[in-house]
Amino acid sequence: MSDQEAGLLLVAACALLDPDGRVLIAQRPEGKAFSGFWEFPGGKIEPGEHPEAAIVRELREELGVEPCERCLQPFAFSSHPLEGGRHLLMPLYVCRKWDGFPDPKENQKIAWVMPRDLNGYALLPADIPLAAELRDRL
């Protein structure tokens with residue numbers, strides 16, 4: 001039985017950091033679970049996929065950018081209970097180099113935010129401790 005079948009949801013997220021030290025967050029669009037909440041871009045890790053590959057794929061699909069996979073730096077992780085006895089495990093990577101300009105592909109809003117100001121956004125519960133790590137360590 002895979003981790004996914006056992007109730008463990010593996011998700012990878014990325015904090016894109018611009019030269020001014022701002023981090024990119026995205027608002028979940030209408031029609032998706034937790035619509036209106038803000039999150040670090042990323043998504044589910046597919047079976048057989050490693051977290052860095054998931055981030056590259058998700059950022060390409062969601063924002064039209066190509067992050068440098070070698071430039072993804074493991075930064076922190078979040079462990080969060082979900083409904084129905086499931087559990088989310090989410091590593092957060094920091095990336096300072098990518099090709100292209102973020103262009104939301106799923107009708108989501110994006111914002112560039114200083115880490116100290118992240119708590120002013122309605123973040124998903126699993127993203128809240130990651131925002132605190134960014135604020136405290138960057």
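Analyst: **One loop and its neighbours**

The backbone nitrogen of Glu-46 lies 2.9 Å from a polar atom in the side chain of Glu-49. Before we go on, please keep in mind that this is a predicted model, in which local features need pLDDT of at least 70 and side-chain atom pairs count only at pLDDT 80 or more, while totals for chains, interfaces and linings use all residues. Residues are numbered from 1 along each chain as its sequence is written, and side-chain values use heavy atoms, with hydrogens and water left out.

Where is Glu-49 placed? Its loop runs between strand 4 and helix 1; helices (H or I, at least four residues) and strands (E, at least two) are DSSP runs, numbered from the N terminus. The side chain of Glu-49 also makes a polar contact, at 2.9 Å, with the side chain of Arg-57. A polar contact here is a pair of N or O atoms within 3.5 Å; within protein, one must be able to donate a hydrogen and the other to accept it, and residues adjacent in sequence count only if both atoms are side-chain atoms. Leaving aside residues up to four places away in sequence, Glu-49 touches Lys-44, Ala-54 and Arg-57, where touching means heavy atoms within 4.5 Å.

Ala-54 and Arg-57 lead us into helix 1, as both are among its buried residues. Buried means under 20% relative accessible area, exposed over 50%, and partly exposed in between (1.4 Å probe, protein chains only). How does the span of helix 1, residues 51–63, agree with its 13 residues? At 1.5 Å a residue, helix 1 should span 18 Å, and its end C-alpha atoms are 17 Å apart, which agrees; the expected span is 1.5 Å times one less than the number of residues. Gly-64, with a positive phi near 70°, follows helix 1.

What do the buried residues of helix 1 pack against? Their partners are strand 1 (8–16), strand 2 (23–27), strand 4 (42–44), strand 5 (66–67), strand 7 (87–95) and strand 9 (110–113).

Two of these partners, strand 1 and strand 7, run parallel and are joined by seven bridges; strands pair if DSSP finds at least two bridges between them. Leu-16, for example, has Cys-95 of strand 7 as its bridge partner. Strand 7 also pairs with strand 6 (residues 73–81), this time in the antiparallel sense and over eight bridges. One of these bridges links His-80 to Leu-88 in strand 7. Five residues lie between the strands of this hairpin, where Gly-84 takes a positive phi near 70°.

Finally, the largest nonpolar core has 23 residues, and Phe-40, Leu-92, Leu-118 and Leu-134 have the most contacts inside it. Such a core is a set of buried Ala, Val, Leu, Ile, Met, Phe, Trp, Tyr and Cys residues joined through side-chain atoms within 4.5 Å. Strand 1, strand 2, strand 6, strand 7, strand 9 and helix 2 (128–137) each supply at least two residues of this core. Apart from it lies another core of 15 residues, including Ala-12, Ile-45, Val-65 and Leu-72.
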